[in-house]
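Hello,

Here is the structure I promised to pass on to you. Have a look at it first, and then read my notes below.

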Amino acid sequence: MKRKKVIAIVALALVLALAAGVLAACNSYEWNSIGMGDSSASVVSNGGYYVEQGKYVYFINGYVGSVTSNEWGAAYKQSIMRAELNEDGTVNNDTAQVVVPLSIYNTYASGGFAVYGDWIYYATPNTGEDTSGTASTTHTDFMRTRTDGAVTQRIGTVNSRSSQYLFTPTRILYTTDSATVYYFDFSGMSTSDSVDDGKGATQGTLIENATSIQWGYDADRAADAGAQVSDYIFYTETPTGDDSYRHYNNLCAVRYDGTDRRVLATYDTSLGEGDGAANYDKVFTYALSDIYYESDSTVTLYYTKSIYENGSSTSTGLYANTFDLTEGFSVENEVKLAESAPSAFFPLGMDGGILATVNDKVYLVNDTTDGYIDDGDNANLVINAGEAVTVQAVIGGYVYYLDKAGTALYRINLDPAEGDSVNVKTVIASGVKSDWLALDFAGDRLVFINTDDYNYLHYVDLGSGSFESKMMGKMTAEDAEAKAEAEKEEETAA
């Protein structure tokens, strides 16, 4: 089954700069061409540290964090590099070259970068100076660079280092408060010349009056992909005008380019023949919790519903339902998973249900597990680590999860019948950096920042079973020298 990356939108309070030329330009983006990538190939794993396109991999070369100066051409660590894949699928670090010599950074955990066709799309700190000569510490540039590195364009700028964003084939979407989604549309920009002022790009508003938003990336997008369900943004919308006093909202979907806007559920969706305005128990307020892409055309929506009666709002539970590009959305397909939403859950799809976290334990919950889990009933217990854990991925019948500290990664069988402790295996014992971008799972490959190795990118091929960690990219001369000296000292001590 194809997995896709899903991004939840949470509330922020930020000030936007809705113009491309807010701060002074860095320079003309000159860079030697490293040769074009493979735009005819599928793109795997947009929206993180690491993206595959044909025989090439693009990746963020290590972690530096926030920077006070971000001059074009100066970045090496935390730049975007490109390398070739060997025949066995390993990364050939000898071929690694910088393709985007800027520091790639934003605090949004689901940010990262993306590749579509011949272009790499990314967010980078704008440290340009204002008219008084003061360098910015808050602005972010949304940019794209051709896969050969020879053409770079600044598309737009926002006054934030933590705005939530999504790269699409023609637009960059971003939000600041979970109520409004803005866009920069770059479909009219030149494809042959470097641009520093957003020339040819337009901007506007895609969604207003939202209360919850979900969007994501296709985990394996064909170069000639047609309509994809991952092209849609799902959101709940507060009614305005004459209906603003009513206690309900709309569950909606819209394609990233603004076309095919749909209302999936509204005031009277659950009302049957003969039901009237007094049937408050069938008039709902929705809140999207997560989504799970089943295929290129179908997605499972997870949401809570509440009703308003006797002067207060009461939750009716956590639900799952599907949206299909052809079949649409029907309340008749809805499945109730829980009487109340768990403290956290990991989606497994319409048939799979969820992995629900209750009192630091993780349970499998779906429509065959007799409803929600009582903490005293361990029938569906999957993880009991004795501490809070965070599920990261479910691949090949295994659950991968981080420990409470977020520095070690473990694997356990998904099937509760196979035990909750005897099958635990350590994937990465230490050094996982989980407080920046989310861990990147590209097929059976895990990509992560290794704090035990100077904050450079590492990868583990999970299918091998050995969980051998390998570095990706190239160290700076200073880090390489420090590592060599440390290894020498260790050998001497031994």
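Which residue in β26 is the bridge partner of Pro347? The partner of Pro347 is Ile354.

Before going further, please note that this is a predicted model, in which local features need pLDDT of at least 70 and side-chain atom pairs count only at pLDDT 80 or more, while totals for chains, interfaces and linings use all residues. Residues are numbered from 1 along each chain as its sequence is written, and side-chain values use heavy atoms, with hydrogens and water left out.

Back to the strands (DSSP runs of E, at least two residues, numbered from the N terminus). β26 pairs with β25 (residues 344-349) in the antiparallel sense over 5 bridges; strands count as paired if DSSP finds at least two bridges between them. These two form a hairpin with 3 residues between them. β26 also pairs with β27 (residues 361-365), again antiparallel and over 5 bridges, and there Val358 has Lys361 as its bridge partner. The hairpin of β26 and β27 has 2 residues between its strands, and Asn359 in the turn has a positive phi of about 50°.

Now to the charges. Side chains of opposite charge can pair when their charged atoms come close. The structure holds 14 salt bridges (a side-chain nitrogen of Lys or Arg within 4 Å of a carboxyl oxygen of Asp or Glu). One of them joins Arg154 and Asp196 at 3.6 Å, N to O. Arg154 lies in strand β10 and Asp196 in the loop between β13 and β14, so this pair ties together parts that are 42 residues apart in sequence. Arg154 counts as buried because its relative accessibility is 2%, and Asp196 is buried as well, at 18%.

Another salt bridge links Asp453 and Lys483 at 3.2 Å, N to O. Asp453 sits in the loop between β34 and β35 and Lys483 in helix α1, so parts that are 30 residues apart in sequence are tied together. Asp453 is buried at 9% relative accessibility, whereas Lys483 is partly exposed at 24%.

Enjoy exploring, and write back with any questions!

Best wishes

Technical notes: Helix = DSSP H or I, 4+ residues; strand = E, 2+ residues; numbered from the N terminus. Buried < 20%, exposed > 50% of the residue type's maximum accessible area, 1.4 Å probe, protein only.
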